[in-house]
Amino acid sequence: MNNSCLIDTHVHSDNSPDGNHSCTFLCEQAVEKGLRAIAITDHCETDTYLKDHYDRSTMQSYLEILKAKVSFTGELIVLRGIELGQAVYDIPLAEKILAKQEYDIVIGSIHNLRGREDFYFMEQFTEEEAYAQTEEYLQELLLLTQWGKFDVLAHLTYPLRYFYARSGIQIDMTRFQKQTDELLALLAEKERALEINTAGLRQPIGKLSPDFPLIRRFRELGGKYITFGSDAHYAEHLAAGFAEAHEAAVQAGFDECVFFQNHHPMCIPLH
């Protein structure tokens, strides 16, 4: 794998509720691992923005990123990021959040269906529930992509991790080809990036998110941009699984990966 591709565009510091290490420590470890760049993209869940105090944590995250950006000049490119969850559940608030700071990269994601808890916290699913919720989830992703005020679409198959881990259910995504084709085609048309998220490789499901068939389909439908994201919540997981992500991207027909500076895609050859 080309070392210039060691750019992790999805990383959480301890300013995320489930993060464990400071921005400074993450950057120190990124340098130690030989990364070229890191985007610290702490959580901001639009639907619980005030309830869970994301107004405070996102400000703290941004300030710490700015400090790290200066401290690691010449050693590591530190990108100002945010993972904005459920933006389409309150679009005016989402746009207000994004207007507060000057970000390099905005990750768009859906972690829960409307009025329900994060899939991560759900304890059990029937097969019927899992398929129904997958369909609803994909519809929310389509609405998110239609809104489009993000740079990267995160972990497209996010709920599948938990359907499998909690109840052993393997979702057959070919049953949703019409929905995923519409979503991926729109993502390509809007020139947004598809994230190859490696967190699933560290979880029981043992797969990239999305896995190879959907990465390849994105390319077939005109997708230009892909990013690699570890979704690390611990420093030891920085760039974990990137060899597998790189191989999937190359096999799918991509020649470049990207990262974003001031929302501008910076292309890096994969070969």
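Which residue in strand 3 does Ile38 stand opposite? In this predicted model, for which local features need pLDDT of at least 70, side-chain atom pairs count only at pLDDT 80 or more and totals for chains, interfaces and linings use all residues, the residue opposite Ile38 is Val78 in strand 3. Residues are numbered from 1 along each chain as its sequence is written, and side-chain values use heavy atoms, with hydrogens and water left out.

Strands (E, at least two residues) and helices (H or I, at least four) are taken as DSSP runs numbered from the N terminus. Strand 2 (residues 37–45) pairs with strand 3 in the parallel sense over 9 bridges, pairing being assigned if DSSP finds at least two bridges between two strands. A further bridge joins Cys44 to Leu84 in strand 3. Helix 2 packs on the sheet and touches both strand 2 and strand 3 (contact being heavy atoms within 4.5 Å), and its direction makes about 165° with that of strand 3; the axes are lines fitted to C-alpha atoms, for helices over the stretch in contact, with angles running from 0 to 180 degrees between N-to-C directions.

Parallel pairing also links strand 3 to strand 4 (residues 105–109), over 5 bridges, and here Gly85 has Ser109 of strand 4 as its bridge partner. Of the 9 residues of strand 3 (residues 77–85), 8 are buried, so this strand is largely enclosed by the rest of the structure; buried denotes under 20% relative accessible area (1.4 Å probe, protein chains only).

The open sheet comprises 7 strands in the order 1-2-3-4-5-6-7, with parallel pairing. Strand 1 (7–11) and strand 7 (226–229) stand at its edges with a single partner strand each, so one side of each is left without a neighbour in the sheet.

Terms used: Buried means under 20% relative accessible area, exposed over 50%, partly exposed in between (1.4 Å probe, protein chains only).
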